[in-house]
Number of protein chains: 2
Amino acid sequence: MLHRLALVLGLTVAPYMAQAAGDVVAFFLDNGMQVVVIPDDRAPAVTHMVWYRVGAGDELPGQSGIAHFVEHLMFKATDDMASGEFSTVVEANGGSDNAFTSWDYTAYFQRVAADRLGLMMQMEADRMRDIIFDPVEVATERSVILEERAQRTDSSAGALFNEQMRATLFLNHPYGRPIIGWRHEMEALSLADAQTFHDLWYHPNNAILIVAGDVTPDAVRALAEQHYGPIPASPDLPVRARPTEPPHIANRRVDFTDQRVANPYVSVQMLAPVREPGNQAEAAALVILAELLGGSGQTSLLARRLQVDEERSLYAAAFYDSTSLDPSGFSLVNVPVPGLSLDEAEADLWRIIDDFLSDGIDMDHFERIKFQIAANDIYSEDSTQGLARRWGMELTIGLGVADIESWPDVLAAVTPEDVMAAASRLFTDPVHVTGHLMRPPAANAEISQ
Amino acid sequence: MLHRLALVLGLTVAPYMAQAAGDVVAFFLDNGMQVVVIPDDRAPAVTHMVWYRVGAGDELPGQSGIAHFVEHLMFKATDDMASGEFSTVVEANGGSDNAFTSWDYTAYFQRVAADRLGLMMQMEADRMRDIIFDPVEVATERSVILEERAQRTDSSAGALFNEQMRATLFLNHPYGRPIIGWRHEMEALSLADAQTFHDLWYHPNNAILIVAGDVTPDAVRALAEQHYGPIPASPDLPVRARPTEPPHIANRRVDFTDQRVANPYVSVQMLAPVREPGNQAEAAALVILAELLGGSGQTSLLARRLQVDEERSLYAAAFYDSTSLDPSGFSLVNVPVPGLSLDEAEADLWRIIDDFLSDGIDMDHFERIKFQIAANDIYSEDSTQGLARRWGMELTIGLGVADIESWPDVLAAVTPEDVMAAASRLFTDPVHVTGHLMRPPAANAEISQ
């Protein structure tokens, strides 16, 4: 039940090239449930996933956290299973299971031996419609999610800071709300809220079944028709129309002070376009841009200049979420070495960006990034699972099979000119949110500091 | 159809003392419509108002501006009247009419000769349920509200800045949305949206009738029963439960730059408690605090120190909205003299606040403020109308008759210690939003500036 944290760089696309074109098979059941099969016979195991096209971005105002709460409650009793039985059965069959909630999706995964696929489908189909919301379980599980918030968010200055940054970046869109929920709203989440949310969204025509591993498409189709096929489509499935952002016209700042901060840092975030059906070129250029500026490792421009050459940063990086239903964030982060102020760290970030905008792209670096993106993960053991997860994310945000299959080609087609044009559009518009995560000032500081 | 702008200082409370205790009569019709009568025979005229307990704070996300749009559409045709006939009839009878939308209420006013009261009720009752939403009128009026936004907001750097400040101050509550609406959402407001909003909220059990002027309570009751009495209560009236704010834990800043700024200024805003049923003491202390620090005229602490003594400000003031359904804002503003930076102006504000917190209250000033609050407007010609408007605002935010009638006494009972304690609670918590409204920097400024 982990949140999606930073698995969103969207860079590990190579498996598509290796396997997608011929191997991945996608179709629909008669009730509207989409099915994706990713055959891989390297191990006699399967990953079975059901993704719902609903997440924290689809919650009613005042009910932040309900998508994640329902995810937790899906492990309770159904008409056929006792509370907790789902995971117990998976484990008894030698498998593992998990679930994830993001702003755009809620997903349930199991990894089991290939011959247990039918059992997984039977149990997952059972809880899709027959989960029972019990008052005692709801009360208990509400304590669990509140404790989860305490552990993951309230006890972490960085997590609280990120929460404040998002709430500031988004003026109108529900992406500004935390997935886990605002504590005061989580405390009020009721059985009726959970029931209503589940009744609205948990239907086969809002779900995507993804099976990856040692299976054939025909076998998956037969099992899916047996287990999921009998569940009727909902005629009342809502359209996912979230409030969108007004133009961002004012720079904003977040100054968050916390005793627990070990290394103060500066974060700069701005809205950025994302992959759209039939229109992925800008997002592809931004993927390359983020990798050039601040991808993992010390070869990115920010890391090389600030960490290696100048030794002014402990860590400098860039992040971009290309795979999101609505426009999301492009961000820069700089953790200065002790002795440098956050204002200096902020100026350092913009100095490197300015240099990049005037100097242009180092072609060696560009080719290396392109190669890495193409080569990344081809031989990694979990590439099939990674591929399955990516298909789930991409389908839940509204991309089509053609978009997903063409994405590696769109990435491969990005030119240095495309990247510089995207950088210019992103950074020439001066509107962004700048955050400083700090330790408390000295005791005698003025009240305004 | 003006918005409520700054009529919210809540200080002109004296008419209550002069007239309220014995004179104001409040009761309910059988269908739940509340009626307030404020007799005043100084002129043979009446003010007739219907207030609905609904405003921009009650809009669905993505439909910002719908409350105000419906207010506009209420002047179109009903089953009995042609489009525009309402105002034409008022004018033909020598009267004037208007309407207002705020975050917490939507109100319709007419001022006419006392013998036309029945006619006003007949027309207002007609449009409460029988307004017709016509596709052509909806399209035309949408252009009107978009033009209103262009005129009032988009053409004004100060208005855009205020909009950004509110959107930043409120992390979760709909008070962060503009009453007029975000332009991109206004453009999408449909007939169905207006119809749904009206159907949900425009009912006698969500309305307050206020009649002030040359009438008797008995006459008002008879007319109200005749015209409004037959309209059935809605059994499906929603509870006004808006999303509330999480704790404000990070200072935030808004830097808004606009070519049109004549005088750059700094604004500091923070959340503050408001009048609650049975619990108005903190709000009363904050009313006095705002007046002491930065009330109108040049005798307030900020104006005297920064404008008069030091000549560092063109204008310095404090504002507090005591009468709001949910916690609202306390704000400080400082427009520095040319040559002083906004950073200096910001420091000046906090220097005066710091001095106030350590020096305490000048008792002469305190007594003067208390006297002004008690004396204000007793003899002004429009005090009856002002009183009527205040009853409307106060009832729509959920205060009871007892709260409204006791408010002057609550204000009168505020001690200097109460004010200092409220100031300490407000200003010792360092979390606030600071805004700088600026002219564009020089051409060669860095991209980050």
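Reply: One definition to begin with: two strands count as paired if DSSP finds at least two bridges between them. Note also that this is a predicted model. With that, six strands of chain A form an open sheet with mixed pairing, in the order β1-β2-β6-β3-β5-β4.

Me: Which strands stand at the edges there?
Reply: β1 (25-28) and β4 (96-101) of chain A. Each has a single partner strand, so one side of each is left without a neighbour in the sheet.

Me: And by how many degrees are neighbouring strands of this sheet turned against each other?
Reply: On average 15 degrees, direction ignored.

Me: How many bridges join β3 and β6 of chain A?
Reply: Seven, in the antiparallel sense, between residues 45-52 and residues 207-213. Within that pair, Y52(A) is opposite A207(A).

Me: What does helix α14 of chain A lie across?
Reply: Helix α14 (residues 383-396) lies across β2 (34-39), β3, β5 and β6 of chain A, at about 165 degrees to β6(A).

Me: Switching topic: what is the strand order in the ten-stranded sheet?
Reply: β9(A)-β10(A)-β8(A)-β11(A)-β7(A)-β8(B)-β12(B)-β9(B)-β11(B)-β10(B), an open sheet with mixed pairing. Its edge strands are β9 (313-320) of chain A and β10 (313-320) of chain B, each pairing on one side only.

Me: In which sense do β9 and β12 of chain B pair?
Reply: Antiparallel, over five bridges. V268(B) sits opposite T434(B) of β12(B).

Conventions: Residues are numbered from 1 along each chain as its sequence is written. Chains are lettered from A and ligands numbered from 1 in the order in which they are written. This is a predicted model: local features need pLDDT of at least 70, side-chain atom pairs count only at pLDDT 80 or more; totals for chains, interfaces and linings use all residues. Helices (H or I, at least four residues) and strands (E, at least two) are DSSP runs, numbered from the N terminus. Axes are lines fitted to C-alpha atoms, for helices over the stretch in contact, and angles run from 0 to 180 degrees between N-to-C directions. Two residues are in contact if their C-beta atoms, placed from the backbone, lie within 7 Å.
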